[in-house]
Amino acid sequence: MPRKARNYFANTPYLIFQFGHNFQPCFFEPLDYQFFIDLVETNGVQYQVQLNKYQLFNNQFFMVITAAHSHSIPKVLQSSCSIYGRYVNDKYHRTGSLWQGRHKASPVQAGQFLEAVYEFMETPILPRQFNNSKNVEAQLTSADELSTNIISRLLKNQAIGDSTFLQTVNNHKLVQLRKTIVPRTRNGLMPLLSDKPGIMRT
């Protein structure tokens, strides 16, 4: 059965999350981290994708990226993760998939929500179903409400922002699926998402 198509929006920051198969390590030494980031940045230039911020751990990675075109994000991630997977298999004499399924992706509203995502990426807190650590549950119960919301929405590929932003994203998804009619102007479809990139910070 084919995978369900995802809808990405141009000029909108996306929080991306991917982890190793069964949460096993996928980065083993400093050269591995650098090789992967170089792949993302090189592919980003080709597909006009800006890598705003990233955080790599030994068995997972988070990044915020903004693309000039709606089709660019999946191409960059697919190419980078595929090449890196072959690199690890060859280097460490292993076989099989390196990654656990498809990456998670959530559009993020610029401003305070994007700033909150940047802070979250420094010390992410993951739910128990993605980690065997006994400390995770205790960490999650002490997490602030916004961080918990980020986790919940990211794992469901849902937008992160206020109610207006969430409704805007949903409206665009319906438009792309041709399930609704939206207002039109003399210049065509009424813009529902900002055409300006979100806050970018290195």
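**Packing of helices and strands in a predicted model**

Me: Which residues of helix α3 (residues 112-122) are buried?
Reply: A residue is buried under 20% relative accessible area, exposed over 50% and partly exposed in between (1.4 Å probe, protein chains only). In α3, the buried residues are Phe 113, Leu 114, Ala 116, Val 117, Tyr 118, Phe 120 and Met 121. The model is predicted, with local features needing pLDDT of at least 70 and side-chain atom pairs pLDDT 80 or more, while totals for chains, interfaces and linings use all residues. Residues are numbered from 1 along each chain as its sequence is written, and side-chain values use heavy atoms, without hydrogens and water.

Me: Against which elements do the buried residues of α3 pack?
Reply: Helices (H or I, at least four residues) and strands (E, at least two) are DSSP runs numbered from the N terminus, and contact means heavy atoms within 4.5 Å. The buried residues of α3 pack against β1, β2 (49-57), β3 (60-67) and α5.

Me: How do the axes of α3 and α5 cross?
Reply: Two packed helices are described by the angle between their axes and the distance between the axes. Axes are lines fitted to C-alpha atoms, for helices over the stretch in contact, with angles from 0 to 180 degrees between N-to-C directions; under 35 is roughly parallel, over 145 roughly antiparallel, 65 to 115 roughly perpendicular and the rest oblique. The axes of α3 and α5 come within 10 Å and cross at roughly 85°, and the two helices are therefore roughly perpendicular. Phe 113, Ala 116, Val 117 and Phe 120 of α3 make the contact with Leu 146, Ser 147, Ile 150 and Ile 151 of α5. These residues divide into seven nonpolar, one polar and no charged (Ala, Val, Leu, Ile, Met, Phe, Trp, Tyr, Cys and Pro count as nonpolar, Asp, Glu, Lys and Arg as charged, the others, Gly among them, as polar).

Me: Which residues of helix α5 (residues 145-155) are buried?
Reply: In α5, Ser 147, Ile 150, Ile 151, Arg 153, Leu 154 and Leu 155 are buried. Asn 157, with a positive phi near 60°, follows α5.

Me: How are α1 and α2 arranged?
Reply: The axes of α1 (residues 30-47) and α2 (residues 72-91) come within 9 Å and cross at roughly 150°; the helices are therefore roughly antiparallel. The residues of their contact divide into eleven nonpolar, five polar and three charged.

Me: In which sense do strand β1 (residues 14-19) and β4 pair?
Reply: Pairing needs at least two DSSP bridges between two strands. Here β1 and β4 pair in the antiparallel sense over four bridges, and Ala 105 in β4 is the bridge partner of Ile 16. From β4 (residues 104-107), Lys 104 and Ser 106 point one way, Ala 105 and Pro 107 the other way, and all are buried.
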